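Here is a friendly note to read with the structure open beside you. Take the points in order and find each residue as you go.

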Amino acid sequence: MKSGMTSRVDPASILAVIMGGGAGTRLFPLTKERAKPAVPIGGKYRLVDVPISNCINSQIRQMYVLTQFNSASLHRHIYSSYSFDKFSKGFVEILAAQQTTASTSWYQGTADAVRQNLRYFLQSDCDYFLILSGDQLYRMDFRQLLQQHVEQSADLTIASLPVKRTEAPSLGILQVDDEHRISRFVEKPKDPVVLDSLKLPGSNDQWLASMGIYLFNRDVLVEALDNDHTDFGKHIIPAAISKYRVFANIFNGYWEDVGTIRSFFEANLAMCGMKPAFSFFDRESPVYTRARFLPPSKILDSHISESLVADGCVIIKAKISRCVIGLRSYIGEGCALKDTIIMGCDYYAPAPQPADDEPVTMPHMSIGRGCSITRAIIDKNAHIGENVVISDKTGCPDYDGADYYIRDGIVIVPKNAVLPAGTRI
């Protein structure tokens, strides 16, 4: 080995802890019946597939997912998607919030969730603990993060990325020296004077933001959690900076915290372009998900541009522009869809049949004939009747209807909702 070079550290020495998310109020109504990491994205994936796949592609095989709110569909997805060789140490295991003799409360924050499950993590022989969010969109090789962590003899390394001033007040901002050692951390700084003092050295309009990805030495995490602080960003990280060797690992790729309806909507539609910032088409770092045995999509006499179409769909004489069409979607004859996300269906349902010459009141699952839909999110298993019109609501105030919601100018039809024929929004 050449002098001054550090040998590669085995990523098997890392145990990953993926936070299952809180109530997800900013993503409501998509989180009305599911946890944030279980929200469908890209036509056939779930948000939690991203951090799990990043771990797998980084050769990290031991993962815990901490869950609490609306977690049934998240549990079902993980159990049906991820299974490792029985003769390896690999696993993706769910730890749901629970009451114990030591604690009768639910998770009070990210740090509290890790603290309540620390006894399980310490049963492993891993030297490092990687704390991840379950609802972010990015592609990262954690082996590079680990290598820098070891080379700098760090106690804690925080993945970070440069951001503009408009983004900085909504993120945790780091102040670093020339070696990227962190000297200060401010969570969501709103004061312009404070913000200016945190500016990245040598930059006119860049700040260094935490990505909420933390790599701890084993003993450091145990010590850092030996208190009653509840949150990493607000409490644990600021306290650690003054006590431990804390460094920033600067990431220059695509990263998006899809925590709002607008950011989720725009991130999905951005994937429809020829060269999107984040793409599921990557041979070197694929995103894994549940294996399904669905037929290829059938497209009859339709015009489709800049769109993603998942497996098992039927599209008949439709015009579709910049849309994401999810699994098992049915789009009836004469539909015009633009800038819309159709999340698809969990199962195939037969077309409803009239009884005793009575008219059909329940439309076929998915999109009926003659519909015109612009800037909308149609959640799973929704029933959209014939000739329904959903128009662009950009600039309209938020609204909660009986069968639909408006958030950030985007119409959301929630899971299992029914819009009768002729509805106009």
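1. **A word to start with.** A residue is called buried when its relative accessible area is under 20%, exposed when that value is over 50%, and partly exposed in between. Keep these cut-offs in mind, and remember too that this is a predicted model.

2. Where do D135 and K36 lie? D135 is in the loop between β6 (128–133) and β7 (136–138), while K36 is in the loop between β1 (14–19) and β2 (40–41), so the pair ties together parts that are 99 residues apart in sequence. K36 has a relative accessibility of 15%, so K36 counts as buried as well.

3. **A bridge between two strands.** D339 and R322 also form a salt bridge, and their closest N and O atoms are 3.5 Å apart. Because D339 belongs to strand β20 (residues 336–342) and R322 to strand β18 (residues 319–325), the pair ties together parts that are 17 residues apart in sequence. Is D339 buried or exposed? At 14% relative accessibility, D339 counts as buried, whereas R322, at 32%, counts as partly exposed.

4. The phi of R322 is near 50°, a positive value in a residue other than glycine.

5. **From a strand to a loop.** R375 and D392 form a salt bridge in which the closest N and O atoms are 3.5 Å apart. The pair links distant parts of the chain, 17 residues apart: R375 is in strand β22 (residues 372–378), and D392 is in the loop between β24 (389–390) and β25 (399–400). R375 counts as buried at 17% relative accessibility, and D392 counts as partly exposed at 41%.

6. **Helix α1.** Nine of the nine residues of helix α1 (residues 49–57) are buried, so this helix is largely enclosed by the rest of the structure. Among the buried residues of α1 are D49, N54 and N57, so do check the list against your view of the helix. Just after α1, Q59 takes a positive phi of about 65°.

7. **Helix α5.** In helix α5 (residues 142–151), the buried residues are F142, L145, L146, Q147, Q148 and H149. Which residue caps the N-terminal end of α5? D141 does, with a side-chain oxygen that lies 2.9 Å from the backbone nitrogen of R143. Just after α5, S153 takes a positive phi of about 50°.

8. **Two backbone details in loops.** The peptide bond from F28 to P29 is cis, with omega near 10°, and P29 lies in the loop between β1 and β2. Turn next to D301, whose phi is near 50°, a positive value in a residue other than glycine. D301 is in the loop between β14 (298–300) and β15 (303–305) and counts as exposed at 64% relative accessibility.

9. Which residues form a positive surface patch? They are R26, K188, K190 and K234. K188 lies in the loop between β10 (182–187) and α6 (192–197), and K188 is partly exposed, with a relative accessible area of 43%.

10. T340 is in strand β20 and is buried, with a relative accessible area of 0%. The C-alpha atoms of T340 and T166 are separated by 27 Å, and the two residues are 174 apart along the chain. Y405, in strand β26 (residues 405–407), is buried with a relative accessible area of 8%. From C-alpha to C-alpha, Y405 and I377 are 9.8 Å apart in space, and they are 28 residues apart in sequence.

Conventions
Residues are numbered from 1 along each chain as its sequence is written. This is a predicted model: local features need pLDDT of at least 70, side-chain atom pairs count only at pLDDT 80 or more; totals for chains, interfaces and linings use all residues. Side-chain values use heavy atoms; hydrogens and water are left out. Patches are made of residues with over 30% relative accessible area and no salt bridge: like charges are joined within 9 Å, nonpolar side chains (Val, Leu, Ile, Met, Phe, Trp, Tyr) within 5 Å. Accessible areas come from the Shrake-Rupley method with a 1.4 Å probe; for residues, only the protein chains shown count as cover. A salt bridge is a side-chain nitrogen of Lys or Arg within 4 Å of a carboxyl oxygen of Asp or Glu. Lys and Arg count as positive and Asp and Glu as negative; His and the chain ends are not counted. The place of a charge is taken as NZ of Lys, CZ of Arg, CG of Asp or CD of Glu. Helices (H or I, at least four residues) and strands (E, at least two) are DSSP runs, numbered from the N terminus. Buried means under 20% relative accessible area, exposed over 50%, partly exposed in between (1.4 Å probe, protein chains only). A polar contact is a pair of N or O atoms within 3.5 Å; within protein, one must be able to donate a hydrogen and the other to accept it, and residues adjacent in sequence count only if both atoms are side-chain atoms.
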